[in-house]
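Hello,

Here is the structure I promised to pass on to you. Have a look at it first, and then read on for what turned up in it.

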Amino acid sequence: MTINATERRAAVRERYARAATTGDGCCGPSDCRAPSDDPGATAATATITTIADEISCAVGYDQDELSRVPEGANLGLGCGNPVALASLAPGETVLDLGSGAGFDCFLAAERVGPAGRVIGVDMTPEMLERARANALGGNFANVEFRLGEIEALPVADASVDAVISNCVLNLSADRSRVLAETMRVLRPGGRIMISDLVSDRPMPDFVANSRESLVGCLPVGIAEYQIDLAAAGFTAIGIEKRQRYPSEHILSDPRVQEVISRDPAREAEVHSFVESIYGGTIQAAKPGGTKEG
């Protein structure tokens with residue numbers, strides 16, 4: 001059964017609402033964290049924080065960066081560190097697509113300084129509430145968070161210098177639209193630096209149509225990303241695989257297991273696909289201005 005765009009968006013929103021309220025930031029099965037009413041909830045919360053930090057360090061953040069953001073901003077949801085690679089400059093305006101609890105926004109805010117501005121857009125009210133509380137608690141006056149979908153950004157035309165995003169575009173049912181919107185809001189010469197899951201192998205159809213695997217993070221084909229970026233009008237396109245991203249949860253997906261039980265030969269196909277998933281960097285520029293290339 002194919003998942004339509006509405007069902008996909010609802011499934012993703014449900015997962016990230018849970019992440020915002022419980023700290024469940026795992027990229028895997030929905031029951032991989034202890035419930036908040038568990039007697040060991042306090043210990044579980046500490047464990048979740050530790051796991052989130054470990055995940056972030058594994059994908060490119062350092063301990064200094066983790067220590068500079070408000071407690072609870074890092075949910076371990078990323079697959080790279082777009083801020084470190086975006087070459088942000090003081091005074092720039094930065095847009096974060098799918099800003100979550102604000103982790104990358106707060107790091108970007110330090111780079112652009114008081115004269116700069118960071119806008120985070122997220123479709124999950126629970127995430128926005130958490131992000132805004134984090135901004136207030138951390139006294140980040142140059143950061144704001146807006147409710148919206150990345151396919152229809154609540155941002156003015158040609159108003160931002162750089163767009164960042166971290167493991168979000170792979171969740172969109174209309175990535176071409178997201179990239180068109182990104183092109184719209186960038187100033188001429190503006191650029192994007194996206195961290196996302198990528199693969200150079202075809203995704204098995206029964207994995208692509210599984211709700212459980214979908215919300216547990218599936219990659220985008222590298223060639224597909226290149227085509228979509230070029231179609232949106234971007235230049236200076238570069239995509240790089242950086243570190244393998246652990247995606248073994250796909251193997252335990254009930255739908256995947258059901259297909260394999262009927263056709264054991266397909267197990268090797270899934271293993272090959274899982275081993276091909278990497279956290280990657282996607283960069284490109286909007287033509288014009290002085291920053292192109």
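A word on naming before the findings: helices (H or I, at least four residues) and strands (E, at least two) are DSSP runs, numbered from the N terminus. The phi angle of Ala 158 is near 45°, a positive value in a residue other than glycine. Ala 158 counts as partly exposed because its relative accessibility is 35%. Ser 87 also has a positive phi, near 50°, and is not a glycine either. You will find Ser 87 in the loop between α4 (82-85) and β1 (93-97), and its relative accessibility of 60% is why it counts as exposed.

Please keep in mind that this is a predicted model. The average pLDDT of the protein is 84, and 85% of the residues score at least 70. The stretch to treat with care is residues 28-48, where the pLDDT is below 50; beyond near neighbours in sequence, this stretch has 18 contacts in the model. Where pLDDT is low, the predicted coordinates should not be read in detail.

Now to the aromatic rings. The count comes to 2 aromatic pairs. One of them joins Phe 106 and Phe 140 in a tilted arrangement, with 4.6 Å from centre to centre and 35° between the planes. This pair links distant parts of the chain: Phe 106 belongs to helix α5 (residues 103-112), while Phe 140 is in the loop between α6 (125-138) and β3 (143-147), 34 residues apart. Phe 106 and Phe 140 are both buried. Phe 106 also pairs with Phe 145, this time edge-to-face, at 6.0 Å centre to centre and 75° between the planes. Here too distant parts of the chain are linked, since Phe 106 is in helix α5 and Phe 145 is in strand β3, 39 residues apart. Through these ring pairs, Phe 106, Phe 140 and Phe 145 are linked into a cluster. Phe 106 counts as buried because its relative accessibility is 0%, and Phe 145 counts as buried because its value is 6%.

As for Phe 145, its contacts beyond four places away in sequence include Ser 99, Cys 105, Leu 128 and Ala 135.

Two charged side chains sit over rings. Arg 175 lies over the face of Tyr 225, at 5.5 Å from the ring centre. The charged end of Lys 241 is placed over the ring of Tyr 278, 4.7 Å from its centre.

Lastly, the cysteines. How many disulfides does a search of the whole structure find? The search finds 0. Cys 79 is in no disulfide, and the nearest cysteine sulfur to it is that of Cys 167. The two sulfurs are 3.3 Å apart, which is too far for a bond, because a disulfide needs cysteine sulfur atoms within 2.5 Å. Cys 79 counts as buried because its relative accessibility is 1%, and Cys 167 counts as buried because its relative accessibility is 1%.

Enjoy exploring it!

Best wishes

Conventions: Residues are numbered from 1 along each chain as its sequence is written. This is a predicted model: local features need pLDDT of at least 70, side-chain atom pairs count only at pLDDT 80 or more; totals for chains, interfaces and linings use all residues. Side-chain values use heavy atoms; hydrogens and water are left out. pLDDT is the predictor's confidence in each residue, from 0 to 100. Contact means heavy atoms within 4.5 Å. Rings of Phe, Tyr and Trp (its six-membered ring) pair if their centres lie within 6.5 Å; planes under 30 degrees apart count as stacked, over 60 as edge-to-face and the rest as tilted. Buried means under 20% relative accessible area, exposed over 50%, partly exposed in between (1.4 Å probe, protein chains only). A charge sits over a ring if NZ of Lys or CZ of Arg is within 6 Å of the ring centre and within 35 degrees of the ring normal.
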